[in-house]
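Subject: Structure handover

Hello,

Here is the structure for you to open. My notes on it follow below.

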Amino acid sequence: MNMDATGIKPLIQGSFIAILMLLSINAMATPPDEQSALEIEQILDKKFAEGQYSAKGADSCLTCHRKSQTVMALFDGVHGSTALKGSPMADLQCEACHGPLGKHNKGGKEPMITFGANSPVPPAKQNSVCMSCHNDDQRMAWNGNHHDTADVACADCHKVHTAHDPISTRAQEVAVCTSCHAQQKADMHKRSAHPMQWQQMVCSDCHNPHGSLSDASLKQMSVNDNCYACHAEKRGPKLWEHAPVTDNCASCHNPHGSVNETMLIAKPPQLCQQCHASDGHTSNAVFGNTTNAFNAGQSCMNCHSQVHGSNHPSGKLLQR
């Protein structure tokens, strides 16, 4: 086909425009489903800085999301109550937790904050949303506690879009905790354990899952103080004290359960011999037989029955 110079010029211009259009398409934002967690986080930070909240609040969200039973279940609980002062629905409604709407409902489908294990939003940022309201004295030690440093999100344990958060029921609490704490789940089913498998005790009786100022997020300042909350008869001071008892109950007991009686970490006399290795009982003729006062029945406790301490004037050896 013959074409003069005047015909070639428009063709070149048209091709150049087409190339520019292709380049601009390639430079557009990545589709939401293909965005990395970092890209989503950057977009959410920008949206929060701009603060473009919807003028219609939840009505804008429910235009699309009202068909979801999970979404609508929010209105059965405290978070969805407009009458309750301080609830999200009484403030910025859905956007109080999920962030500014921005252009989420306009073509580009900008991401919103989502919660739970499948969320691309880092647990720390998920939790910052929850902690903006739940910042009472029960959570004052959250930062730096075990769950925080393990990147556990509030939504990993708690359910908001429901009439009643399952973990707030004692019958459900242990099941939620042991879904991660597998060793403790195994221990509590051993022959000697606290009655956690029947929910007569639950994890939060001893631990504050939101953190505390003591080891293992215990509710009291020490292991012993925690134990004394129930086992008051073991509390001292005693006239004759047993050093490992005053130091730490866990020196001898596993509070989550054991194969030994009374949740002992080892069976006597092996447990006692961890400290009393040179007391000379094993070389004594009285204890040298195969079955004797040293290894039968209560073993060492056959004689030293007051292992938690004695108030008897003659109780130096914890025998009375």
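**Gln200 and its loop**

Leaving out residues up to four places away in sequence, Gln200 touches Arg170 and Pro195 (contact means heavy atoms within 4.5 Å). Gln200 sits in the loop between α10 (182-187) and α11 (223-228). Helices here are DSSP runs of H or I with at least four residues, strands are runs of E with at least two, and both are numbered from the N terminus. Gln200 is exposed, at a relative accessible area of 58%. The cut-offs are under 20% relative accessible area for buried, over 50% for exposed, and partly exposed in between, with a 1.4 Å probe and protein chains only. From C-alpha to C-alpha, Gln200 and Ala171 are 9.1 Å apart in space and 29 residues apart in sequence.

**Ground rules**

This is a predicted model, so local features need pLDDT of at least 70, side-chain atom pairs count only at pLDDT 80 or more, and totals for chains, interfaces and linings use all residues. Residues are numbered from 1 along each chain as its sequence is written, and side-chain values use heavy atoms, with hydrogens and water left out.

**The chain overall**

The protein chain has 13 helices and zero strands. Of its 320 residues, 27% count as buried. Take the contacts between residues at least 6 apart in sequence: 51% of them join residues at least 24 apart. The accessible surface of the protein chain is about 20900 Å², and 57% of that belongs to carbon and sulfur atoms. Areas come from the Shrake-Rupley method with a 1.4 Å probe; for residues, only the protein chains shown count as cover.

**Helix α6**

Which residues are buried in helix α6 (residues 123-131)? They are Gln126, Asn127 and Val129. They lie on the same side of α6, because they cover an arc of only 150° around the axis (the arc is that of the directions from the helix axis to the C-beta atoms). Their cover includes α5 (94-98) and α8 (154-157).

Look at Asn127 in particular. Asn127 is buried, at 4% relative accessibility. A polar atom of its side chain lies 3.1 Å from the backbone oxygen of Val152. Neighbours within four places in sequence aside, Asn127 is in contact with Trp142, Val152, Ala153 and Cys154.

**Ser310**

Ser310 is in the segment after α13 (270-273). Is Ser310 buried or exposed? Ser310 counts as buried, at 2% relative accessibility. A polar atom of the Ser310 side chain lies 3.1 Å from the backbone nitrogen of His312. Setting aside neighbours within four places in sequence, Ser310 is in contact with Lys238, Leu239, Trp240, Gly315, Leu318 and Arg320.

**At the surface**

Phe48, Tyr53 and Leu92 make a nonpolar surface patch of about 250 Å². Patches are made of residues with over 30% relative accessible area and no salt bridge; like charges are joined within 9 Å, nonpolar side chains (Val, Leu, Ile, Met, Phe, Trp, Tyr) within 5 Å. A salt bridge is a side-chain nitrogen of Lys or Arg within 4 Å of a carboxyl oxygen of Asp or Glu. Phe48 belongs to helix α2 (residues 37-50). Phe48 is partly exposed, at 40% relative accessibility.

Asp59 lies in helix α3 (residues 58-65). Asp59 is exposed, with a relative accessible area of 51%.

Best wishes

Notes. Polar contact = N/O pair within 3.5 Å; in protein donor to acceptor, adjacent residues only side chain to side chain.
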